[in-house]
Amino acid sequence: MLKRISGLSKSVMDKTRSLLTSEDQPVAALVVPQKDHKISTKTFSANALKVLNRIHEAGFAAYLVGGGVRDALVGLKPKDFDVATDASPEELRALFRNSRIIGRRFRLVHVVYGRDIIEVATFRASHDKGAGGEVGESGRIVRDNVFGSIEEDALRRDFSVNALYYNISDHSIVDYTGGLNDIDAGVFRLIGDPITRCEEDPVRVLRAVRLAAKLEFEIEPKTLSAMQKTAHLLANQAPARMFEEVLKLFQGGYAKRSFAAVKEHELLQYLFPLLAERLENNPPPELLTMLNAALANTDKRVSQGKPITPYYLLAFMLWPDVEERTKASVKNGTSLSEALMLASEQVIKTQLSAISIPKRLSGPMREIWQLQPRLEQWRGKRALKLMEGRRFRAAYDFLCLRAGIENDLQAVATWWTDVQELPEDKQLDFVSKKPAVRGLWGESKESGASKKKRRRRRPNKARNTKVDGNR
Ligand code: ATP
Ligand code: MG
């Protein structure tokens, strides 16, 4: 049953089918005129339209392509806009003062409007076409942009639904790969031979899972089978590129659904090996519940246009291992704060073999981990002082997530919720009611008292040294 999401008329759909061979490949382009589809330019951002119109007015071909067209056709609000054209990067650069050429191997043009960037790419042929590269005097390849026709540009894209072109000159949609048919059928299909396409770029396996989950599409059987056969190649992908994908997974507004799909397709081991192993071995059901709550909360924030911090989710996914390793070293006599620091280091190191985590994220992750025992145990004015720290809010939210798994933390999490609602002059009175969780880490319940004793002795020692004249 066709879902007819794109709003194409029956006659147009019949024509689509007749133009496409029954197998994977189309035989010709299908051009759907404006009157036969429901995309309106209103769906596109003003900046994207500005760029398209300027290129068109300068006499070049200008198309919107990729996720923007796909999302508009299924009725989602497109989040970014990619433009494809027959103008060269230099010609584009001359057209837009607010532009820059990026990339060395594939040169693209970014047209910059403040924080909004429209990416413009010259039609490209597939890599294996060979010709078109440029070799410098030293014999080094200085450029391997292989410019091509729009049709070649369509065929080198990943999925049929990602290869639809919206032509700004007449507002038609151009389809070389059967993408419109697949949009209507709700199917995600790799263009060309699926195994070759996955081997060429294994990250497409992750893209398929993420995007199919976002659109709630089925993955076409041959594409799915190729993905299953080649998924293991994800283990050798550059951790930096994997990290980019993970960010898209979490920040696209469909984190909960994408995460479930990644798990279902058994790809979690390539992203979060420690968590994947844990989830396979009868984890407490609360772990998955809270993980889903954190993912759903991220999606909610995205839909409300609120900022999200990826380190928070990353911190939560790695936390069970940090916690377990910390407890093990505390049992062996290491102090809690040192054990936590060492465990954080080890877990991050293991994680880095799968996906790279830039320091700007791993730093805050460690900070909110380190704050956990303090939120649990500190009392008096010292506890109140924690609220002034810049990671307090994230650390407190994190404690609440943990409290969903660990009952013993509920009272202290509630106390933190309540104290924040009090005016400052009332907070000090409330501090005496703060529960302090002890023994959670396997540390001695007396540790607070013995620390005090030690602290009292130290000043004496210091005074003695001074008297001895050693300073
Ligand atoms: P999203 O909603 O995540 O932005 P998208 O499909 O727009 O999805 P982008 O990463 O923005 O994804 O890529 C834009 C377009 O570039 C895609 O729609 C696709 O046509 C093409 N593309 C992206 N990544 C690949 C890839 N790995 N292989 C082939 N084509 C790709
Ligand atoms: Mg996109």
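Helix α3 lies across β2, β9 and β10 and runs at about 65° to β2, with angles taken from 0 to 180 degrees between N-to-C directions of axes fitted to C-alpha atoms, for helices over the stretch in contact. Contact means heavy atoms within 4.5 Å; helices (H or I, at least four residues) and strands (E, at least two) are DSSP runs numbered from the N terminus. This is a predicted model, in which local features need pLDDT of at least 70 and side-chain atom pairs pLDDT 80 or more, while totals for chains, interfaces and linings use all residues. Residues are numbered from 1 along each chain as its sequence is written, chains are lettered from A and ligands numbered from 1 in the order written, and side-chain values use heavy atoms, without hydrogens and water.

**Sheet**
- An open, mixed sheet has 8 strands in the order β1-β10-β9-β2-β3-β6-β5-β4, where pairing takes at least two DSSP bridges between two strands.
- β1 (30–32) and β4 (99–102) are at the edges with a single partner strand each, so one side of each has no neighbour in the sheet.
- Strands β9 (164–167) and β10 (173–175) run antiparallel and are joined by 3 bridges; Y165 has V174 in β10 as its bridge partner.

**Ligand 1**
- Among the 18 residues around ligand 1 (a heavy atom within 4 Å), R70, D201, R204, R210 and K248 come nearest.
- The shell holds 14 charged residues (Asp, Glu, Lys, Arg).
- Helix α8 gives the largest share of this shell, 5 residues.
- A polar side-chain atom of R204 is 2.9 Å from a nitrogen atom of ligand 1.

Note on methods
Polar contact = N/O pair within 3.5 Å; in protein donor to acceptor, adjacent residues only side chain to side chain.
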